[in-house]
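Please look over the sequence and the structure before reading on.

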Amino acid sequence: MPRATSSKPKILIVLHQENSSPGRVGHMLIEEGFELDIRRPPLGDSLPETLDDHAGTVVFGGPMSANDEDEFVRRETNWLEIPLRENRPCLGICLGAQMLVNHLGGKVEGHGDGLVEIGWYPLKATEAGRKLMHWPDMVYQFHREGFSLPSDATLLATADTYPNQAFRYGDNAWGIQFHGELTRVMMQRWVVRGAHRFELPGAQPGRDHLGGRLIWDMHLKRWLDEFLRMVFGGRGVGAD
């Protein structure tokens, strides 16, 4: 008997560690009726030669740098030509956004004074960003490098330490430096495993990560739900 195939549209999910999760982004996309096609290139997973069978892609973050010489970093960065050429919705988060910037000819590098953003930090929408949607005042960050604004890209949100926080390129390519995808369990895991980074200049202590979540996360969650609907379409049903 032939095997039944799913009629749900698929979103390609690109992750970078064995235990990484698409978190809240995955939950929300599933609630919107999408099926997740999860690939982990560092573990040997291939990436499709076309996105004809997918409604779009999300490339997530990871502890590595977009400037690393690892084979999978180069392969992923080059692969971004496919969603751009086929004009499929493409969202890069943190490392994913930095790979997109490198692909578009921009630069990924650390702050000149060695500052990092690890914790909750203010965000300010640009005029172009405000025209699209309402943005949260505080967002969760976990990075040591930032990116330049690619040529012909539109800056949507900015901040003091790393001024390029969100951008749009063309109709369907988006990059964000901050993290809206973390569930409470994910944040707790990051705080435990990333504790050694809290000593870096500009980083916040672990208690502030979890304390800030109680204050600002509901606003970040609401933004993410609206943002994903704008990028991929859907009904807009949130998830914890």
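R229 and D225 lie four residues apart in helix α7, so about one helical turn separates them. The model is predicted: local features need pLDDT of at least 70, side-chain atom pairs count only at pLDDT 80 or more, and totals for chains, interfaces and linings use all residues. Residues are numbered from 1 along each chain as its sequence is written, and side-chain values use heavy atoms, with hydrogens and water left out. Helices (H or I, at least four residues) and strands (E, at least two) are DSSP runs, numbered from the N terminus.

- The side chains of R229 and D225 form a salt bridge at 3.7 Å, N to O; the term requires a side-chain nitrogen of Lys or Arg within 4 Å of a carboxyl oxygen of Asp or Glu.
- R229 is partly exposed, with a relative accessible area of 31%, whereas D225 is buried at 11%. Buried means under 20% relative accessible area, exposed over 50%, and partly exposed in between (1.4 Å probe, protein chains only).
- Shared partners link R24, R213 and D217 into one network of salt bridges.
- Helix α7 spans residues 206-232, and D217 and R213 sit four residues apart in it, about one turn.
- D217 is buried at 9% relative accessibility, and R213 is buried with a relative accessible area of 11%.

- R85 and E81 form a salt bridge, with their closest N and O atoms 3.2 Å apart.
- Both belong to helix α3 (residues 81-86), where a spacing of four residues puts them about one helical turn apart.
- R85 is exposed, with a relative accessible area of 52%, while E81 is partly exposed at 42%.

**Whole-structure count**

- Searching the whole structure gives nine salt bridges.

**Packing of helices α6 and α7**

- The axes of α6 (residues 184-193) and α7 come within 10 Å and cross at roughly 170 degrees. Axes are lines fitted to C-alpha atoms, for helices over the stretch in contact, and angles run from 0 to 180 degrees between N-to-C directions.
- The crossing angle therefore makes α6 roughly antiparallel to α7, a label for angles over 145 degrees.
- From α6, R184, M187, Q188 and V191 make the contact, and from α7, G206, H209, L210 and R213; contact means heavy atoms within 4.5 Å.

Terms used:
Parallel < 35°, antiparallel > 145°, perpendicular 65-115°, else oblique.
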